[in-house]
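Subject: Structure handover

Hello,

Here is the structure I said I would pass on.

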Amino acid sequence: MRILKNLLIGLVVLVLALVAVSYILPREVPVERSIVIDAPPEAIFPYVNSLQRSAEWSPWLGIDPDVQLTYTGPEEGVDNMLAWTSDHPQVGSGRQRITVSIPNERVESDLDFGDMGRAVATIALMPQGDRTQVTWGLIADMGLNPIGRWMGLMMDDWVGPDYERGLSNLKEVVEAG
């Protein structure tokens with residue numbers, strides 16, 4: 001009985017320590033990837049300034065061919081919106097709305113993943129002669145949930161490869177003309 005009591009006390013202390021440490025972990029978690037595309041910013045911008053056009057290079061939409069997409073608002077720029085629904089765990093459901101659109105420079109959007117949280121995504125275009133460096137970034141708000149904070153430590157490993165695949169897709173689409 002004494003051993004069981006000590007194990008229970010040890011388990012409670014461990015859980016409390018993990019919860020306490022989680023509040024030291026960052027609430028906002030960044031992910032960022034870049035690629036250089038052999039095209040000027042004005043050739044790339046239409047693909048990143050329209051959620052409809054982003055379907056041509058998205059790393060997630062090919063995962064679930066049955067994903068349901070609903071677009072609202074203008075076809076490009078600020079307030080262009082996408083809602084998606086999927087039973088596939090890598091796609092899930094959520095909404096995205098473009099909030100900032102600076103022609104040939106930058107696009108920002110708010111992402112709402114429901115119970116999974118919120119994030120802000122950015123795509124920045126930096127000219128490099130006849131080429132453009134495209135940087136796709138995300139800042140995810142992990143909230144106050146201790147489990148979410150621990151999961152934030154793995155966000156770069158989870159999302160980074162998808163961003164790399166998406167940027168490669170974008171490069172292929174743009175460079176193909």
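Contact here means heavy atoms within 4.5 Å. Helices (H or I, at least four residues) and strands (E, at least two) are DSSP runs, numbered from the N terminus. Axes are lines fitted to C-alpha atoms, for helices over the stretch in contact, and angles between N-to-C directions run from 0 to 180 degrees.

The model is predicted: local features need pLDDT of at least 70, side-chain atom pairs count only at pLDDT 80 or more, and totals for chains, interfaces and linings use all residues. Residues are numbered from 1 along each chain as its sequence is written, and side-chain values use heavy atoms, with hydrogens and water left out.

The sheet

Seven strands form an open sheet in the order S1-S7-S6-S5-S4-S3-S2, with antiparallel pairing (two strands pair if DSSP finds at least two bridges between them). The edges are strand S1 (28–37) and strand S2 (68–72); each has a single partner strand, so one side of each is left without a neighbour in the sheet. On average, neighbouring strands of this sheet are turned by 20° against each other, direction ignored. Strands S4 (residues 94–102) and S5 (residues 106–112) run antiparallel and are joined by seven bridges.

The helices

Helix H2 (residues 41–48) lies across S1, S4, S5, S6 (118–128) and S7 (131–141), at about 165° to S6. Helix H5 (residues 155–176) lies across S1, S6 and S7 and runs at about 25° to S1.

The salt bridges

The whole structure has twelve salt bridges, each a side-chain nitrogen of Lys or Arg within 4 Å of a carboxyl oxygen of Asp or Glu. For accessibility, buried means under 20% relative accessible area, exposed over 50%, and partly exposed in between (1.4 Å probe, protein chains only).

- Arginine 27 and aspartate 141 meet at 2.7 Å, N to O. Arginine 27 is in the loop between helix H1 (2–22) and S1 and aspartate 141 is in strand S7, so the pair ties together parts 114 residues apart in sequence.
- Aspartate 38 pairs with arginine 131, with the closest N and O atoms 2.7 Å apart. Aspartate 38 is in the loop between S1 and H2, and arginine 131 is in strand S7, 93 residues apart.
- Aspartate 112 pairs with arginine 95 at 3.3 Å between the closest N and O atoms. Aspartate 112 is buried at 16% relative accessibility, whereas arginine 95 is exposed at 51%.
- Arg33, Asp156 and Glu164 are linked in a network of salt bridges.

Regards
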